[in-house]
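Subject: Handover of a structure for your study

Dear colleague,

Please find below the structure that I am passing on to you. I would ask you to keep it open while you read the remarks that come after it.

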Amino acid sequence: MHLNECAEAPASASPEKNSPAASPTAGPIADADRYSRQVLFPGIGPLGQQRLAASHVAIVGCGAMGAASASLLARAGVGTLSLIDRDFVEPSNLQRQVLFDEADARDSLPKAEAARRHIALFNSRITVHARIADLTPTNIADLLAPTNQPAPQIVLDATDNFEARYLINDFAVQRGTPWIYAAAIGAYAATMNILPSNLSSRTLSERSESKGEGSASTVPCSLFPVGAPGEPFWLAGVTVPCPPTACLACIFPKPPTGNVETCDTAGILSTAVNLAASIQVTEALKFLTGQPHLMRRTLLSFDLWNPAGNATLDRSEISASTPRPDCEVCGQRVFTHLAGRDRAHITLCGRDSVQIHENRRPVDFSALRARLESHADIADLRSNDLLLRFRRGPLTLTLFADGRAIIQGTTDIALARSLYARFIGS
Ligand SMILES: [Zn+2]
């Protein structure tokens, strides 16, 4: 529940790393050098790089996916990043969460702040806002559309749970903000772009603002390959259709119920996360450089481990090109997750306990127990017909057959929700 802004000022590197003595090339690193290879890529070019510098991206979740995506965006020169995460760094994160080190895990540093500090070491020229918070219906507007600074142009999903994703979907569809779903579990990776209905006109108006004196001559025609040869597309009078895509609820009308596999129950390969993050960030770069018409319009997924010998099994692409007319969210514009109506009620109960009043998640205790038994972090795992209980560090989670849970050892609702989402599902 806490909301904490750790960095309003541009991130700065540690004195040791940034001191002239530590570097044979004293002084700041020029953007022209830093981004030279990326600018050479025709899809980006000098104007694309300028647009990235002026961009703001919010990343919800700063675990494996968020760290990978934040690292890629920061190195690409996206000018402002807002990193939103409720957790702290643990030793089991180091296998795949590329922005953290052993000291972060020893110090249990909040992930958003640890990521901000590490980004500052390789790109001190961008601004990173570390937002240590649990994304909820109450604070999502503050986090994704703050009134005291320019709002992020696009939101990247790097969460580990469907509750947060449906909340983001409601918010983004309501506000007309594009977002990119990404998920990884085991060796499986998936991603999908969700583009709003107002994107085409907004993007075109942004481009028309760029028609200022001198700008046209600096635009490589290859940046917008739809124009006549040698001309930026707006001078060619070409409009690029970019109709809305399906939203998350068009494809999956309801979040999954019952036992839901998570990274903490099914395990995860870092390579699967990095694949999903790479695709997600590439799609974001297309958007931020003004090329939404190049963005994928499918739910794309991969199984990186099993050589199916059949392309339809190890790589799958489902069309998400058109909104479903009867979709409750983008069609009927009913935002139940934003209203908090589909959200498990949570209360503090007794001393040092949090109760999650989920009652629509029937639990298969034997299946859940089988998944948790080999887990190194879990102790005192017990179950009977009525409940399942385990201890993890100072926290004890007691789960009932309808999905309700009591987490003892904390009054921190975000911490309790995180434990539940990781081991039971969301
Ligand atoms: Zn929809």
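The protein chain has an average pLDDT of 82, and 80% of the residues reach at least 70. Among the elements of the chain, strand E4 has the highest mean pLDDT, 98, whereas helix H11 (residues 215–218) has the lowest, 32. Two stretches call for caution. Residues 11–22 stay under 50, and the model gives them 19 contacts beyond four places in sequence. Residues 201–237 are also below 50, with 43 contacts beyond near neighbours in sequence. Where pLDDT is low, the predicted coordinates should not be read in detail.

The sheet may be taken next. Eight strands make up an open sheet of mixed pairing, in the order E3-E2-E1-E4-E5-E6-E7-E8. Which strands stand at its edges? They are E3 (127–132) and E8 (315–319); each has a single partner strand, so one side of each is left without a neighbour in the sheet. From one strand to the next, the twist averages 15 degrees.

The pairings can be followed strand by strand. E4 and E5 run parallel and are joined by two bridges, and Val-155 stands opposite Trp-179 in E5. E6 and E7 pair in the antiparallel sense over five bridges; here Thr-191 has Leu-300 in E7 as its bridge partner. E7 and E8 are likewise antiparallel, with five bridges, and Thr-298 has Ser-319 in E8 as its bridge partner.

Two helices lie across this sheet. Helix H5 (residues 64–76) lies across E1, E2 (80–85), E4 and E5, and runs at about 170 degrees to E2. Helix H14 lies across E1, E4, E5, E6 and E7 (298–303), and runs at about 170 degrees to E5.

The interior deserves attention as well. In soluble globular proteins, nonpolar side chains tend to be buried together. The largest nonpolar core here has 85 residues, and those with the most contacts inside it include Ile-59, Leu-83 and Ala-284. Helix H14 (residues 270–288) gives the most to this core, with 11 residues. Apart from it lies another core, of 17 residues, among them Ile-356 and Tyr-420. As for Leu-83, its contacts beyond four places in sequence include Ile-59, Ala-70, Ala-112 and Val-128.

How far apart should the ends of its 14 residues be? At 1.5 Å a residue, H9 (residues 162–175) should span 20 Å, and its end C-alpha atoms are 20 Å apart, which agrees. Of its 14 residues, 12 are buried, including Phe-162, Tyr-166 and Val-173. Their cover includes strands E1 (56–60), E4 (154–157), E5 (179–185) and E6 (188–194), together with helices H8 (140–144) and H12 (248–251). After H9 comes Gly-176, which has a positive phi, near 70 degrees.

Finally, please look at Gly-43, in the loop between helix H3 (36–40) and helix H4 (45–53). Is Gly-43 buried, exposed or partly exposed? A residue is buried with 20 or more neighbours and exposed with 12 or fewer; Gly-43 has 17 C-beta neighbours inside 10 Å, so it counts as partly exposed.

Yours sincerely,
A colleague

Methods. Residues numbered from 1 in each chain as written. Helix = DSSP H or I, 4+ residues; strand = E, 2+ residues; numbered from the N terminus. Expected span 1.5 Å × (residues − 1). Contact = placed C-beta atoms within 7 Å. Core = buried A, V, L, I, M, F, W, Y, C linked by C-beta atoms within 7 Å. Pairing = 2+ DSSP bridges. Axes fitted to C-alpha atoms, helices over the stretch in contact; angles between N-to-C directions. pLDDT = per-residue confidence, 0-100.
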